[in-house]
Each structure stands twice: as C-alpha cells, then as structure tokens.
Amino acid sequence: DLYGFKVYLLKGGYKAYRNCILQQFEKEYALKIIGGKTGSGKTLVINEIQKLNGASIDLERLAHHKGSSFGALGELPQPTQEQFENNLATELIKCRANNATIFLEDESQRIGNVNIPNALWVQMRKAEVLYLDIDFEERLKWIVEQYGKFDIEKLKEATIRIQKRLGGLILKQTLEHLDNNNLEAAFHLLLEYYDREYDKAYNRHEDLKCTKIYFEKMGVEKIAKQLIA
C-alpha cells in the first residue's frame with residue numbers, strides 16, 4: 001500500500017483462496033472442444049474467439065507449452081502445477097460470469113509438466129468435439145511457418161525426443177532434411193507421424209461426440225465465426 005498498490009486482504013488467507021480455486025474445477029460448465037490434427041490452427045482459433053467476444057481459454061498459453069515434443073520451443077518456463085491451476089480457475093470464473101459456452105482446445109490431460117485438473121478433464125472428455133478438418137498441405141504450410149523460425153539444433157533435439165515412436169528410418173531422414181535446411185520435407189515426415197498418433201487417440205474414444213467441419217483454407221476468423229455460430 002505504501003508503494004501505491006491497491007491492496008486487498010483475503011479472508012481466510014491463501015488457504016481459503018486455494019479452496020475457492022479447487023472448487024471451480026468441480027462446477028459444471030458448457031464446454032465445446034476444438035479438435036483437429038496438428039497444424040489445424042486450433043490455438044489461433046481459440047484466441048480469435050476471444051477477439052470476437054466469445055468465451056474461450058487458451059490452455060497452452062496458461063501452461064507455456066504447446067503439448068508436443070516441440071511444445072516448449074519459444075515458450076517461457078512452465079508455471080508450477082499450483083500456479084497453473086490458479087490461473088486456469090481465474091479464467092473459468094471470468095467465462096462463467098458471462099454464462100457462455102466455453103471453447104477449449106483438445107489437449108492431453110498433461111501439457112508439458114502440468115496437468116489439467118481431473119474433474120475438469122472428465123468434463124472435457126464428455127463434451128462435444130468440433131473437429132477442424134483441414135487438408136494436409138494446408139496444415140504443412142502452417143507448420144513450416146510456425147516452427148521453421150526456430151534454431152535447427154532445437155528442432156533436432158525435439159525430434160530425437162520422439163525417436164522411439166518415429167522409428168530409426170524416419171528419424172534418420174528427418175534429421176538429414178533438417179541438416180540440409182529442407183524444412184518442408186522434415187515437417188512433412190513429422191506431420192505424418194503426428195497425424196497417425198492423433199488418429200490412434202481419436203479412434204480409442206468410441207463414445208466421442210464429434211462434429212467434423214471441413215475447411216479448404218485455414219482462415220482463422222472465418223473458422224472462429226462458424227464455431228461460435
């Protein structure tokens with residue numbers, strides 16, 4: 001207060017605050033999950049929905065991680081689990097105040113080193129998925145633009161982290177393409193791998209409520225408007 005900040009005293013202190021935070025994850029929310037394969041621009045759509053005054057939460061922004069082996073590239077250090085929960089609950093409170101449908105990206109429960117609280121995760125698994133169906137070449141172009149700006153050695157390190165799942169031949173070819181600065185060829189192989197992984201995860205959920213929406217081009221504003229509608 002002496003330094004000019006407006007100060008509030010929390011009744012019950014931080015313990016009461018944390019209890020309030022944890023209670024947010026037990027509440028029922030009207031959720032819509034934005035799904036789609038890697039490179040579909042799901043995070044861009046989430047943020048565009050906010051610009052259009054819709055209710056959405058960018059889980060990857062809160063986690064400082066994009067969820068894959070390449071997810072830490074260009075990100076700040078991840079928050080602690082507790083801080084992630086505090087920030088996520090605050091976003092839920094804001095969205096709930098508007099009594100609106102909340103759009104979330106289709107994520108694994110674990111995002112880097114933090115986890116989506118289980119009660120909220122269960123709700124996400126039950127919610128309808130709006131699946132962005134975008135052509136491979138369009139997604140590849142976007143991936144090259146987004147990740148091609150990073151240092152080649154960092155891209156190679158991220159690729160090596162998934163070597164067991166990639167297989168020896170694909171790993172060797174991808175690293176060779178990166179060494180030759182042939183980013184499109186490297187990301188083509190990686191995108192094929194991530195597509196297979198997404199299909200496996202998608203097919204495991206037989207009870208999934210899913211609406212596929214085909215978009216020829218990745219026009220973020222157009223997609224966001226259609227999802228809101």
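**View 1. Val129 and its partner across the strands.** In strand β7 (residues 210-215), Cys210 is the bridge partner of Val129. What you're looking at is a predicted model, where local features need pLDDT of at least 70, side-chain atom pairs count only at pLDDT 80 or more, and totals for chains, interfaces and linings use all residues. Residues are numbered from 1 along each chain as its sequence is written, and side-chain values use heavy atoms, with hydrogens and water left out. β6 and β7 pair in the parallel sense, over six bridges; two strands count as paired if DSSP finds at least two bridges between them. Helices (H or I, at least four residues) and strands (E, at least two) are DSSP runs, numbered from the N terminus.

**View 2. Strand β6 and its other neighbour.** On β1 (residues 31-35), Ile34 stands opposite Leu130 of β6. These two strands also pair in the parallel sense, here over four bridges. Five of the seven residues of β6 (residues 128-134) are buried, so the strand is largely enclosed by the rest of the structure. Buried means under 20% relative accessible area, exposed over 50%, and partly exposed in between (1.4 Å probe, protein chains only).

View 3. Five strands make an open sheet with parallel pairing, in the order β2-β3-β1-β6-β7. β2 (55-57) and β7 are the edge strands, each pairing on one side only. On average, neighbouring strands here are turned by 25° against each other, direction ignored. Helix α2 (residues 42-51) packs on the sheet and touches β1, β2, β3 (102-105) and β6, its direction making about 160° with that of β3. For these angles, axes are lines fitted to C-alpha atoms (for helices, over the stretch in contact), and angles run from 0 to 180 degrees between N-to-C directions. Touching, or contact, means heavy atoms within 4.5 Å.

**View 4. The buried side of helix α11.** In α11 (residues 220-228), look for Val220, Ile223, Ala224 and Leu227, which are buried. They cover an arc of only 100° around the axis, which puts them on the same side of α11; the arc is that of the directions from the helix axis to the C-beta atoms. What covers the buried residues of α11 includes β1, α2, β3, β6 and β7.

**View 5. Around Leu132.** Leaving aside neighbours within four places in sequence, Leu132 has contacts that include Ile34, Val45, Phe215 and Leu227.
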